[in-house]
Amino acid sequence: MNFETNAVHAGHLEDLNAGSVTNPIYLSTTFERDKDGNIAPKGYIYSRLANPNRSGLEAKLTALEKGADAMAFSSGMAAAMALCHSIMEPGAHVIIPDDCYHGIAHLVKNMYTRWGITYSEVDMVNPVNVEKAITEKTKLILIETPSNPLLKIADIAEICAIAKKSNVLVACDNTWATPYIIQPLTMGADYSIHSSTKYFGGHSDVIGGCVIVRESNEASKKIREYQTIGGAVPSPFDCWLLDRSIATLPIRMDAQTKNAGVIADFLYGHPKIERVYYPGLTSHVNHQVAKKQMKEVYGGMLSVLVKGGRKEAMHVANSLSIFKHATSLGGVESLIEHRMSVEGDHPKSPDNLLRLSIGIEHIDDLLNDIKKALD
Ligand SMILES: *Cc1c(COP(=O)(O)O)cnc(C)c1O
């Protein structure tokens, strides 16, 4: 089936009681055994281990990412942590992007030091930098493309080819692109991870995460073990919400991309704007790679540098009325955020950077809102 059809139908739960067209929600924490005390024929025992709504969601994610299996978690960070715990060993080395999502950077840089795990932060715009950073101890390369918040573009296929030569695993944080635009597992990545909170959820009302694996093997069994024994599992209702939201992912992504493209063009060269970061602009450093890799769908995220500093950027963010000044991204409503203020003790974003998550509102209303704020 094509992507759009899988987004609607993959993982559908057949309802033998009533034949309901939409998925029922199985809130039950426990499932009846057969007369001999064996596990019931459907294989469910206890909802931390597996639940029908979670299995349905995982089947949909597997189909959309063209993987072998998927594990859903209660947040994107729980998914990232389960992946790292499953493949890391004491003394291992990890390569992360210099523009990595700050939560994952925190995990790698602070929480694994007790196990002697080391890391390199690399600018992945040039794959040669990744090759240079590989050591005998390198276990994992984490790619994030487009990156957060500078929308750097890394060539996934190139980096995977480099990793293969040294037997290094590759995980792609595919939160921003989503499998509608990029399917990293088909480009050689071993894992695709997500914060489902963002485009999968799409309505800013559910926190979730997932790992999709290219192959079922010892490592993927370990990730499943971290899910079921670690226990950071999503509720049946959260799985149901995600399943329902993913059905509209393709049309949301198209609408958000279309709006983002118009806004990027408007802001590019605007007298109050110093710089626009959007991979769809021909002026973007890696536009050619983006064009090939993203099949000319560049997504709904962009960042800008406002002329001036923190004060001017904050003024713009607070002068908008449709755009809400809030963190997170990927919802149907447009958001804007001064990134530096949320990056903790070691902020990396310039003080005049604003990140925009473009929603599905009418483009004229969004443009008028921006024009008014910049004036
Ligand atoms: C939000 C985000 C995460 C973390 O996900 P949570 O659902 O907030 O735990 C990881 N990676 C990227 C790229 C994100 O945007």
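Predicted model: local features only at pLDDT ≥ 70, side-chain atom pairs only at ≥ 80, totals over all residues.
Residues are numbered from 1 along each chain as its sequence is written. Local features need pLDDT of at least 70, side-chain atom pairs count only at pLDDT 80 or more, totals for chains, interfaces and linings use all residues, and side-chain values use heavy atoms, with hydrogens and water left out.

**Stop 1: α3 and α8**

Select residues 76-87, helix α3, and residues 218-230, helix α8. Helices (H or I, at least four residues) and strands (E, at least two) are DSSP runs, numbered from the N terminus. The two helices pack at an angle of about 130°, with their axes 9 Å apart. Axes are lines fitted to C-alpha atoms, for helices over the stretch in contact, and angles run from 0 to 180 degrees between N-to-C directions. That makes α3 oblique to α8; under 35 degrees counts as roughly parallel, over 145 as roughly antiparallel, 65 to 115 as roughly perpendicular, and the rest as oblique.

Now show side chains. On α3, pick A82, L83, H85, S86 and I87; they meet A219, K222, I223 and Y226 of α8. Contact means heavy atoms within 4.5 Å. By class, this contact of α3 with α8 holds 6 nonpolar, 2 polar and 1 charged residues. Ala, Val, Leu, Ile, Met, Phe, Trp, Tyr, Cys and Pro count as nonpolar, Asp, Glu, Lys and Arg as charged, and the others, Gly among them, as polar.

**Stop 2: α3 and α4**

M77, A80, M81 and C84 in α3 meet G103, I104, L107 and M111 in α4. The α3 contact with α4 has 7 nonpolar, 1 polar and no charged residues.

**Stop 3: D15**

Go to D15, in the loop between α1 (3-9) and α2 (52-65). Is D15 buried or exposed? D15 is buried, at 15% relative accessible area; buried means under 20%, exposed over 50%, partly exposed in between (1.4 Å probe, protein chains only). Leaving aside neighbours within four places in sequence, D15 touches S20 and P24.

**Stop 4: the sheet**

Select the open, mixed sheet of 5 strands, ordered β8-β9-β12-β11-β10. Two strands pair if DSSP finds at least two bridges between them. β8 (273-277) and β10 (324-325) are the edges; each has a single partner strand, so one side of each lacks a neighbour in the sheet. β8 pairs with β9 (residues 301-306) in the antiparallel sense over 4 bridges. Pick I273: its bridge partner in β9 is V306.

Finish on helix α12, residues 310-319. α12 lies across β9, β10, β11 (335-338) and β12 (353-357), at about 160° to β11.
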